[in-house]
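Thank you all for making the time this morning. I would like to go through one model with you, starting from the overall chain and ending at the DNA.

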Number of protein chains: 2
Amino acid sequence: MMNTSPPRSLRRTASRPSPTLEDLALAAGVSRSTASRAINGGDRVSPEAQAAVDRAVVDLGYIPNRAARSLVTRRTSSIALVIPEPDVRVMMDPFFAVVITGITEALRETDVQLVLLMSRTDDDSSRTLRYLRGGHVDGAIVVSHHEADSWARSLAQTGLPTIFIGRPWDTASEVTYVDSDNVGGGRLAAQHLFGIGRRRLATIAGPADMTAAVDRLRGWNEGLAAAGLPASPVAYGDFTTDGGADAARRLLADHPDIDGIFAASDLMALGVVEALRAAGKTVPGDIAVMGYDNHAVAETAPTPLTTITQPMVEMAVRAGRMLLEEIEAPGSHPEPVIYSTELVERASTAVAPTASAANA
Amino acid sequence: MMNTSPPRSLRRTASRPSPTLEDLALAAGVSRSTASRAINGGDRVSPEAQAAVDRAVVDLGYIPNRAARSLVTRRTSSIALVIPEPDVRVMMDPFFAVVITGITEALRETDVQLVLLMSRTDDDSSRTLRYLRGGHVDGAIVVSHHEADSWARSLAQTGLPTIFIGRPWDTASEVTYVDSDNVGGGRLAAQHLFGIGRRRLATIAGPADMTAAVDRLRGWNEGLAAAGLPASPVAYGDFTTDGGADAARRLLADHPDIDGIFAASDLMALGVVEALRAAGKTVPGDIAVMGYDNHAVAETAPTPLTTITQPMVEMAVRAGRMLLEEIEAPGSHPEPVIYSTELVERASTAVAPTASAANA
DNA sequence: ACTCAGCGTGAGAGCGCTCCCACCGGGGTC
DNA sequence: GACCCCGGTGGGAGCGCTCTCACGCTGAGT
């Protein structure tokens with residue numbers, strides 16, 4: 001049966017009796033109540049009392065006991081970053097570093113702490129949910145992935161303030177999220193390849209169970225239509241380099257005459273370039289290739305990749321700020337925020353064949 | 001005695017306020033004390049009472065209030081991961097993802113939470129220290145970098161259980177750490193380059209204020225000595241690609257005839273290869289190049305890098321476990337743990353010139 | 001003059017939990 | 001038989017904090 005909690009927890013640490021609010025009040029010559037008000041940016045505190053308390057705080061090295069405060073306020077001054085990702089590899093994605101950096105940025109000057117919740121297995125997943133439901137954090141930021149829909153629903157039920165980074169599947173239940181304009185990004189890709197004169201296009205989309213992948217594909221199709229082009233062949237990859245290479249080979253087998261490929265991630269694009277070269281094609285001479293994400297490797301690759309960039313740090317910062325607001329003023333269901341994307345041109349779609357393409 | 005006949009107050013999941021231990025006890029027909037014991041893997045609880053409580057836990061969806069528990073036990077069931085790194089870029093290093101993954105792994109099945117403490121500025125740094133000192137966490141893992149010495153000293157004073165990942169500068173104050181054998185790694189590099197017949201060697205060391213860099217350099221020198229080679233030229237880089245390229249150029253200017261370079265990081269090695277190629281040298285034909293870390297790019301680089309690998313995840317897991325033990329049984333100052341390193345051979349030190357070297 | 005905001009204050013009541021201690025039986029030991 | 005030990009139990013006292021409330025005191029309104 002379910003184990004409620006003899007989870008081995010931690011033993012008492014050697015406690016040097018740290019001063020309590022009572023001690024503080026005594027030292028400042030005021031009552032505990034007044035000390036409390038002064039500590040909390042008190043509204044109704046006389047300047048003298050405030051000064052006395054401030055001095056005592058410094059003298060005693062007073063640090064409020066979070067647990068006690070939390071017990072009565074029902075606030076924990078901490079939020080969770082939920083990473084519902086069974087695959088360890090994904091942590092390697094610089095994406096998470098960026099997200100963490102951004103959220104941390106939003107949290108500074110705030111005394112709110114970031115608790116990391118990674119759930120690799122389904123077991124973890126329910127543990128995590130229990131944790132979130134248990135009121136141990138004031139809010140959560142969920143990095144949206146495949147399973148995001150179930151998370152969205154479960155969390156919505158708890159009423160815990162939650163922001164998703166990346167649109168979750170289940171947007172019906174009034175979830176708030178921050179995302180980039182993946183549709184626009186896809187459109188941009190189509191426009192660009194069309195713009196440099198490519199007409200026999202194809203795309204390699206990401207997994208169909210991820211909103212980002214679906215959106216990019218939709219944007220791509222829209223872009224083609226807007227340019228008066230017919231729908232392009234579509235292959236699917238898993239956002240990895242190998243997956244991209246496989247997809248490129250399939251594409252090439254079915255449509256030997258394509259002259260432009262849009263891969264929905266830079267890693268896939270990398271695989272595409274490799275596969276094309278191996279098949280005797282030049283890039284961008286024979287086939288122009290585009291990626292997505294503006295991943296670090298896009299710039300350092302043998303043939304730097306033209307790609308679509310999204311302001312990831314900004315998105316994470318925004319998600320953090322939105323969560324703080326939502327916690328501060330619950331009930332306000334903020335509108336989703338969508339950041340626009342931009343094209344970054346590099347050698348992989350240079351109009352004229354480049355030196356690096358010539359060596360193939 | 002109190003009669004518990006009608007199960008009248010069975011507030012199901014619909015109830016607003018989450019059930020307290022009191023509610024649990026009532027539902028289970030025992031006292032609060034007994035319920036508490038049962039919850040905490042009770043020692044002196046009869047099977048019947050235990051079963052009743054277990055059932056009630058499920059029925060009520062009871063989740064213990066951490067704040068209340070923490071208030072009396074003076075434990076928080078959470079540990080901090082401290083990243084004292086002013087430079088945002090460093091977060092991009094997959095290193096951190098690995099560390100987080102490892103610690104998370106050590107913490108699962110433990111109900112201990114990981115809170116992330118990033119301090120980018122000195123301001124943050126003192127805030128962080130205050131936080132740690134405030135008893136908000138039961139222990140800390142510090143990712144050791146430049147400033148690690150001050151951290152080590154400050155934390156040692158607080159008596160907070162702390163484990164460093166990467167040897168801190170100040171090892172005098174009985175700090176516990178987990179590290180890889182950087183000296184051995186450096187030695188390995190020298191051995192390998194010597195082994196493939198290179199005799200005019202040089203190295204690009206990392207910043208002299210990082211123990212890992214210093215140790216690798218020491219190992220390198222030891223390796224040279226053991227092989228009967230004279231001390232090699234040394235240039236310093238900052239662990240970045242550009243830094244590596246710069247250092248390589250300096251090295252080449254002063255010693256045009258070198259035939260082997262050991263860079264203390266893969267990113268630097270990448271820069272080295274670029275710079276050498278730009279200078280008309282072939283790799284590994286003219287000059288064999290080695291990196292360190294077995295970074296992802298070492299494998300995917302145009303010329304895959306021979307490098308030194310260290311079991312980062314294992315190290316992080318170990319650090320996590322050690323911290324838990326130290327918290328469990330304070331006062332036991334565990335010995336530092338040093339993981340051994342291994343050589344990974346790739347094209348950048350292949351004895352015969354490879355195809356990729358021929359295209360230069 | 002008398003009242004009445006309204007500010008600054010302090011006493012007191014808990015928040016939900018753990019832990020100490022007193023209690024109660026039953027099964028040993030003398 | 002008297003004794004004690006010991007497993008199982010419940011009562012009660014807080015842990016350190018916030019928050020409501022009531023209290024005096026001032027200055028303005030009538």
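This is a predicted model: local features need pLDDT of at least 70, side-chain atom pairs count only at pLDDT 80 or more; totals for chains, interfaces and linings use all residues.

Residues are numbered from 1 along each chain as its sequence is written, and chains are lettered from A and ligands numbered from 1 in the order in which they are written.

Chain A holds 15 helices and 12 strands, taken as DSSP runs (H or I of at least four residues for helices, E of at least two for strands), numbered from the N terminus. Of its 360 residues, 49% are buried, meaning that 20 or more other C-beta atoms, placed from the backbone, lie within 10 Å of the residue's own.

Within that chain, helix H9 covers residues 182–195 and reaches 19 Å from its first C-alpha to its last, close to the 20 Å expected at 1.5 Å a residue, where the expected span is 1.5 Å times one less than the number of residues. In H9(A), 11 of the 14 residues are buried, among them A:Arg187 and A:His192. Just after H9(A), A:Gly197 takes a positive phi of about 95°.

Turning to DNA strand D, which residues come nearest? Of the 25 around it (C-beta, placed from the backbone, within 6 Å), they are A:Leu21, A:Asn65, A:Ala68, B:Ser31 and B:Ser33. Helices H2 (32–39) and H4 (66–73) of chain A, and H2 (32–39) and H4 (66–73) of chain B, each give two or more residues to this surface, with the largest share, 5 residues, coming from H4(A).

Note on methods
A residue is buried if 20 or more other C-beta atoms lie within 10 Å of its own, exposed if 12 or fewer, and partly exposed in between; C-beta atoms are placed from the backbone.
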